[in-house]
Structures are given as C-alpha cells and as structure tokens.
Amino acid sequence: MKTLYWLVKREFWEHRGGFIWAPVITGLVFLVLNLMGIVSGEVFGSRHGFHLGSLDGQDIASKIQSLDVHQLQEVGAALDLAMLSSSGLISLVFAFVVFFYCLGALYDDRRDRSILFWKSLPISDTSTVLSKVIAAVLIAPIAVVICGVLTGIAMLIMFAIALSFHGVSVWSLLVLAHPFQMIGFLVGSIPLYLLWALPTVGWLMLCSSWARTKPFLWAVVIPVALGVMISWFNLLSSDGFHSTWYWREILARALFSVFPGGWLHHGAETGLGKDPASIGQFFSLSTSYAALGTAEIWIGAAAGIAMLAGAVWFRRWRDDS
Amino acid sequence: MNAVVTANGLTKRYKNAIALDQVHFEIQPGRIVGLIGPNGAGKTTALKAILGLTDFQGQLNVLGLDPRSQRNKLMEEVCFIADVAVLPRWIRVREAVDFVANVHPRFSRDKCQAFLSRTKLAPDMRVRQMSKGMIVQLHLALVMAIDAKLLVLDEPTLGLDILYRKQFYQSLLEEYFDDNKTIIVTTHQVEEIEHILTDLMFIRDGKIVLNTDMEALGERFAEVLVNADMAANARQLNPLDERQVFGKSIFLFDGVDHSRLQTLGEVRRPSVSDLFVATMKGTYA
C-alpha cells in the first residue's frame, strides 16, 4: 500500500504540469475571458447609451422580480450550466492530458532507459501499472473537479457582482442556482469516469507498454485501419457488417473514452428536452448512473482491465533497454 | 557458503544471434567479480539474466531465487547501476531519496544523506541539471545506502572523467563492500578496476573463456621479458602472445612453470588488459 502511495506520488512529481497546472491555468484563462466579456459588455453598454441589464425598458432588477416561478427556474438552470461550463472546458483540457499521459506512461521511461532505474527497485510491474491507472482516472479527475468547482464558484460570484452594479442583490441570484447539486454531480461522476475511461486507458497503456517506437501512431493507426477495412467490406457486401457499430462502440471507446461525459449520450437522446428543468435533471447523478445499467460500460471496463493486464505483461518482459 | 549466483547451461538466443551459449559459472559471496569481454560478447545479457530483465534457457539461481519468477523478491537483495545516466531526468535529489526510502525496505536514509553531503548535490537539484559525474554520484549514494547482498554494475563509469572514476571505485571499496556483499562489474576500463577485483571472468562470443580468481591468475599466467637471442626458445613454449618493445620481446605464457620461464628472462605478472587483448585476439576479424 505504501509503495503504491509513493508510486502515485511519483507520477505527480513527474506530471505536475499536466495534472495540476493545466487545469489551474485553464480555469484562470476561463475566468479572465469571462471577466473580459463582462467588462466589454459594460463598456459598450455605457458608451452606446444602453444598459446591459435593461430589457423592454425595465432594468434588470425589476425584470427579475417580475419573473414567474418557471422563469426563475430557467435562470437557475442557466446559472448551473454556466457553472458547469467551466468544468467542461477544464475537463476537455484534462482529457487531452490523460490521453497523452497514458500513451507515454509505459513508454517514455523505456525510451530514456530510466526504466532500468525503476526496475532496480523492489516494485512489481503490476503496482507500477496500477499506480499509473490510479493517477490517470482517479487522482487527476479529483484535481480537475476541485479546479472546476472553484472556477465555477468564482464565475458565479463574478456574475453576481457584475449584476449587483445594476441593482440586483447578489444573493437573490445565487439562491436560484444549485451549486451544491452541481458539485455533487461532478464529484459523483468520478467513479463513473473511472469505469468509463478504462477501455481507452487500457488500450493506450497497452500500446505504450508494447510499442518499440511511436506509441501514438500504433494506438491510432491500428483501430482506424481496422475501421477502414470494416467499412470497406461494408460497402462491398449488401447485408454485411455494421461498420457504424464498430466506429462507435470499439474505436470511440478505445480512443475517446478519456473524454468525460461520454456515458451521458444515452440519457441525452431521451432526457434532454426543451424544458429548462430537464437540464437540471439531465446533469444529475441519476442520469449518469443510469449508464451503469447498460452492458457496454461493463464490457468496456472488462476489456480495459484485460488490456491493462497485457500492459503489465509487456512491462515485465519487453526487453529492449 | 552458498554461492550467490549459480548458472548452469545458461543460454540466450536473440533472433539472429546467440548471446549466451551454455554458460556455467558460480559466484561466491564476498567477491568482486570483473566480467570482461569485447562489445557484443554477452556481458550485458548475462547481467540482465541475473537481474530478471530478460528471459533465458537453462538454470540460473541468484540468492536462492529464480530471477524470472521471483524477481520482485530478488530485487530487495539485489541492486544495480545499469549504465550511467539512467536516472529519470525530471527527478530531484530530494524526491529520489524520498522515493527510494519509502519503497525499499533495506534503504538507510542517514547513510544516503551522509554520502550526498560529500558532494555538491543540492536537494532541489534535478537530474537534468546535473553533469554525468553528478548523476553517478547521486545514483551511487542511493545504491550504497541500500544494504543489498549483490550489487551489479554495468559499465558504471562510462564517459566519466578520471576523478569521478577513481572516486567511484574508491567509495565502493571503502564504504560499501564487505564480506557479506558481492559485486559484479563489467567495464572496458580494465586497468582501473584490476586492483580491486578478486575474481576475473572473460567472456567471448557468449562463452566464458576464463574464470579465475586473481591469485590463481598470477600463478597460471606469466609475462616474460626476453632478449632477442632467447626469443626462439621462448616461442617453443607456445606463448599466448608476443609483442616487441625496444628490441626485446614480451611473451605471455599460460600454465608454464615459472622456474622454467625465469631462465628466459625477467618474469612478471601480466596486467589484465594485456591478458585480455591476448585472449581476445581475432574477435573482430
């Protein structure tokens, strides 16, 4: 256990830039962009003689007071989405970080031969691989959620302060949002992410552990070439193969499952209506965890674990340093 | 005492070459063994087999364990410095010490700090900022602080200047080595380790061609400085090698009685490097 803890810590020493600084900087950039948006809105507003808040001649404060319950819900949902959007951007950056982290995890130290140093210590290859998986799908997402939540809250406060210049009380808006529900949603998504990302993490680490050179090329070329072959057969035969099934269920799962939220697409087809309340319901754990009821997430996770076992095997026996 | 390493019919084939060919040897505890051979002779393969880094045929027993199946356990008792500069470039001195201290049960942090305090290495320094010599100092400090039974060194001083090289072997000998430890070292700088070795193994084309301790070496091999008039007599005794220096001939003999050689000229103990060159004649031809 202690060894595993230090192995994970080692991953963070090595990848501090990707795991901590990338989400922090993305969050800051997001906040700065929003601040610039607000400021430019205010400046344009005063320069051209209309108030940002004024709609139909009313100012924004009285407008809000005139909203009915349904419309207030709408405002709340919009605020929730605004808060989530910061996490969305950070998660996107994070997904790229994890993708390339997994590709390099078992390859970079073979390339610079420092694997010989790690292998001179009494550490099993299983622990090594496990520590890298934990860093990628558990610890890094936690860092992302923390950054995302802090950025989201900072943004809500920023909007509220901007609106308070137009006579809207800060709290009257903030109580319309559901920050705790959103935080719960983000935190609760981590275990789901872990399961969902396993096939991609497994495939990338298998390539990372197996490839003698250019793991990126192998990781992408093999599934794409296979897909092209299948599509080609699909063209030739009339009844034949389901190439779309391959692209969606195999290739996408092997390469893109590190992008969070992929499990939501089932819910999105049915649950996401025009009703504003449905947005709040959509970004809830019950929608997310409905994915656990599908076979694909479990089959994917099992395939991911099998590929990780392969990665451990190659880590043990690959003899090229 | 039980041998530290026992190899029986150790064989390793690569796709198009044979790296180790039915090798037999034993290494006893408390020895410093030099494994010397030309490039591509199988030295590194032999070390990798001992360290469980490669698969092989035949039998190999290291500290009572099979390096293939019991590698994790073995690595608690075995340390190695594979080559210079294989420490990860991003790691800091502080992190390296912390990490090894927490994953290695036989590591002594105090010892390591004591070694480091005698170098210019600062805790926050990264490996990528260090010179080759400093990297080796760090690696050596880490390894010497581990109370291992077997230390394997594969070209540990390659590319270092003479100051670092001398310091390296001196530290090993004075502060690390004792009767319970065994060191296996491969290097091309034979002259520099000659005086610290207790045993010598020559390897050529995957075979051990010489396996002796240093005392027996002096009895078995002799170098004789022969005047030109006696050279013909010397040649009749089947010398391993002959070379000319200032009008005299130097002959190298294997297993010829020393009293007989003394009639030919001045008898000396051959240097390991001369012996090596004579043994490996024609390797690259």
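Reply: **A helix and its cover**

The cover over the buried residues of helix 15 of chain A includes helix 7 (125-164), helix 9 (179-210) and helix 11 (243-255) of that chain. Helices (H or I, at least four residues) and strands (E, at least two) are DSSP runs, numbered from the N terminus. Residues are numbered from 1 along each chain as its sequence is written, while chains are lettered from A and ligands numbered from 1 in the order in which they are written. The model is predicted: local features need pLDDT of at least 70, side-chain atom pairs count only at pLDDT 80 or more, and totals for chains, interfaces and linings use all residues.

Helix 15 of chain A runs over residues 295-317, which is 23 residues. From its first C-alpha to its last the helix reaches 33 Å, close to the 33 Å expected at 1.5 Å a residue; the expected span is 1.5 Å times one less than the number of residues. Its buried residues are A:Ile297, A:Gly300, A:Gly304, A:Met307, A:Leu308, A:Ala311, A:Val312, A:Arg315 and A:Arg316. A residue is buried if 20 or more other C-beta atoms lie within 10 Å of its own, exposed if 12 or fewer, and partly exposed in between, with C-beta atoms placed from the backbone.

The wider model has nonpolar cores, each a set of buried Ala, Val, Leu, Ile, Met, Phe, Trp, Tyr and Cys residues joined through C-beta atoms within 7 Å. The largest has 94 residues, of which B:Ile50, B:Val78, B:Ala96, B:Ala141, B:Leu151 and B:Val152 touch the most other members. Helix 5 (residues 132-144) of chain B contributes the most to this core, seven residues. The core lies between domain 1 (5-205) and domain 2 (217-279) of chain B because both give residues to it; domain bounds come from an automatic or database domain assignment. In soluble globular proteins, nonpolar side chains tend to be buried together.

Leaving aside neighbours within four places in sequence, B:Ile50 is in contact with B:Val5, B:Leu60, B:Val62, B:Pro67 and B:Val152. Two residues are in contact if their C-beta atoms, placed from the backbone, lie within 7 Å.

The two chains also meet. In all, 21 residues of chain B are in contact with 20 residues of chain A. On the side of chain B that touches chain A, strand 5 (78-81) and helix 3 (93-103) of chain B are the elements that give two or more residues. Helix 3 of chain B provides the largest share, five residues.

Within chain B, the C-alpha centres of domain 1 and domain 2 lie 35 Å apart. Six residues of domain 1 of chain B are in contact with six of domain 2 of chain B.

Chain B holds 11 helices and 13 strands, and buried residues make up 43% of its 285 residues. Its mean pLDDT is 90, and 99% of its residues reach 70 or more; pLDDT is the predictor's confidence in each residue, from 0 to 100. For the complex, the predictor gives an ipTM of 0.90 and a pTM of 0.88.
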